[in-house]
Amino acid sequence: MPTLANYLIASGLLFAIGLGGVMLRRSIIIIFMGLEMMLNAANLSLVAFSRYGLVGGHQNYDAQVLVFFIITVAAAEVAVGLAIIVSLYRARQTTHVEDLDSLKF
Amino acid sequence: MHLSTIAWITLVVPLVAAALIVLVTRTSKPFAAGLAILSALITFVGGWTLFVSGASGDFLGFNWIDFGDAFSIPFGLALDPLSRTMLVVVTTIAPIVFIYSLGYMKDEEGYWRYFAGLALFLFSMLGIVLADNLVMMFIFWELVGVSSYILIGHYFHKDSAADAAKQAFLVNRIGDFGFMLGILLFWVSTGSFKFSALNDSAGMFAQHPTLLGVACVLIFCGTVGKSAQFPLHVWLPNSMEGPTPVSSLLHAATMVAAGVYLLARIFPILSVSPEASEVVAVTGAITALGAGILATQQDDIKGILAYSTISQLGYMVAGAGLAVSAALPMFHLFTHAFFKCLLFLTAGSVILGMHHEQNIWKMGGLKNKMPITFLTYCCGMLALSGCYFFSGHYSKDLIMACSWEHHRAVFWMLVVAAGLTPFYMTRQALVVFFGNPRSEHAKHAHESPLVMLVPLILLAIPAVIAGYPFVEHAFFHEIGSLAEPEIPHFIEIIFGAAFFLGIGAAALIYRKVGEKDPIRIPAFENRFYIDDFYFWIVRRIQGGFARLCSFLDRWFIDGILVRGSATVVWTLGFALRFLQVGNLQAYAFFFGAGVVGLIYLLIHVR
């Protein structure tokens, strides 16, 4: 039987991998995937807390329901994000963040 | 028609005429002049109707500002003996001057501007006369100031005229500031602005003697400005830059007399305040004497008359300050309005005949070339000099006789001024009308057209008879008593001596003169250097203060407060610009570092 700590460690690992992807990779698609991974790490810890946290001695499924909402909204947000990336590619013919540096002093 | 309706129509018609001239008939000369003259004639009929009817009472138009019992400013017309007499003066002289202007301004530019200004002036002047409270009077007081500004600056392309208009306005502003304070103080002590509330003034004065005395002196400041009393007299001689009919109507007969009318209005409280009336009387006497002295050495035909006007206004103000009767200054105002208006109009006729030459030392021998102008001039000149059987004699001598009992110093100053008046008038008459022509213009001078001569003749009649007892009774018996005071016999001899000495001395000196004044007194010619002194004050003291203010504004307010704060913000922005590196991951790093920093702060710093 895994404990809460196992879940949180897995969640933390997921978050760290996502953050590493965001910080280190150059392709904007990969960065975007990293972002999604961080989001889902948060979802995972939310579900874990819900599973192990008892309210008045009973299971509470509020947080698990909340996760479904988050996934739905994230899907919508991904659609928007990908659309932006597509239009960015059309404008610049590139998806590498190093080439997208015109907004600076 | 109800009398209050007539009063309102009389007041408003000139304003309507001015508005029509400016808005509708600008380009048409006959319409501009016709509308103005028509409005003046309507006020003439209205004014005389109101006078003959003897109507009295306050006709409330509306409450301009109304806070119930605590504070209200009504906008209404007051008809009483005082305003009825003044109404006659204004509405009689105005149409005459308007018609005279037809001839004088015939070939001038800005015809409509001129007549619109005159109509506006007539409206404002009637407002002063009919106002039933101090605030309303103050509003119209400022309006005559505006019309005076417009009319003095009629030839605004000339720098001197533009400057004179500005000076007249600014100098009046000084006096009006005191006037405004006086109105407020008056309200504080009596709780009302209405002139009719003054009837109970003696009781109110007993309650607040100091307050009301100070209020009187402050209101008198308005008179000092408007009626060109010392030390604010400097604007009136310069205002002669305006067209001559304007000088005649505004700066001799009516507008400058408004200050005296104001004194007559507040006479009930002025007369019970000894200190205030002392101030008024002495100011008037000093002005009468000083301006009389200056008039003896002026070379401009209008300049002499201007100083003479100041001097005569000094008589009126001194008469008000004697606290005998409100009728005393009003009587002199009444006679002076006619003969001084006449003198200015004859001067205008001379100026026109001389092709706009105003220096009396370029004239000479005009009596044969301009006979009617000369005869009417003589009527005015003798009336002003106080010759027997002419109007000025009655009113001026009455003021001097009253001053014998009430104030000896004032009396002697007025007597000397009374000797100077015939002196400078005889000088002017001899130099302008007698002797040989001193220039080409004088040789070819011509009599003015009929449209100017008829007004002269019309004015010459009241200039002679306005002081006769029957006229005096008709216009003044309701205002107050004008009984001849008991004076020693030798005083009357002094009056006669002053008159004959003045005429005799001038006749001796100026009987046969060349192209120059045989007497030259620089201090008199240069107006006692008062104008230069004011110029110095404005230039050095006021200018220095202005420079200090400018320094503070430029370096402290602008430099430190305004531009300093802008610089701080700009510098901060400049420093923060370097964080904009243009690298997405760097931003993500800053963001992450910021979150970590915040979490650290939340956990470890309490």
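Domain bounds here come from an automatic or database domain assignment. The model shown in every view is predicted.

**View 1. The two domains of chain B.** Chain B is divided into domain 1, residues 3-525, and domain 2, residues 535-604. Their centres, taken over C-alpha atoms, are separated by 61 Å.

**View 2. The contact of chain A with chain B.** Chain B gives 10 residues to the contact, and chain A gives 9 residues. On the chain B side, helix α26 (residues 584-604) supplies the largest share, 4 residues. By class, the side of chain B that touches chain A holds 5 nonpolar residues, 4 polar residues and 1 charged residue.

**View 3. Helices α13 and α14 of chain B.** Helix α13 of chain B covers residues 274-295, and helix α14 of chain B covers residues 301-321. Their axes come within 7 Å of each other. The crossing angle is roughly 160 degrees. Angles over 145 degrees count as roughly antiparallel. α13(B) and α14(B) are therefore roughly antiparallel to each other. The crossing of α13(B) past α14(B) is left-handed. In the contact of α13(B) with α14(B), 15 residues are nonpolar, 9 are polar and 1 is charged.

**View 4. The fold elements of chain A.** Chain A has 3 helices and 2 strands. Read from the N terminus, the order of elements in chain A is α-α-β-β-α.

**View 5. The overall dimensions of chain A.** The C-alpha trace of chain A spans about 55 × 25 × 25 Å along its principal axes. The radius of gyration of chain A is 18 Å. For a compact globule of 105 residues, the value would be near 13 Å.

**View 6. A cis peptide bond in chain B.** Phe230(B) and Pro231(B) are joined by a cis peptide bond. Omega for this bond is about 5 degrees. Pro231(B) sits in a loop of chain B, between α8 (209-226) and α9 (235-238).

**View 7. A positive phi at His355(B).** His355(B) is a residue other than glycine, yet its phi is positive, near 55 degrees. The loop that holds His355(B) lies between α15 (327-353) and α16 (366-369) of chain B.

Key: Residues are numbered from 1 along each chain as its sequence is written. Chains are lettered from A and ligands numbered from 1 in the order in which they are written. This is a predicted model: local features need pLDDT of at least 70, side-chain atom pairs count only at pLDDT 80 or more; totals for chains, interfaces and linings use all residues. Two residues are in contact if their C-beta atoms, placed from the backbone, lie within 7 Å. Ala, Val, Leu, Ile, Met, Phe, Trp, Tyr, Cys and Pro count as nonpolar, Asp, Glu, Lys and Arg as charged, and the others, Gly among them, as polar. Axes are lines fitted to C-alpha atoms, for helices over the stretch in contact, and angles run from 0 to 180 degrees between N-to-C directions. Angles under 35 degrees count as roughly parallel, over 145 as roughly antiparallel, 65 to 115 as roughly perpendicular and the rest as oblique. A crossing is left-handed if the near helix is turned anticlockwise from the far one by less than a right angle, and right-handed if clockwise. The radius of gyration is taken over C-alpha atoms; the globule rule is 2.2 Å times the number of residues to the power 0.38.
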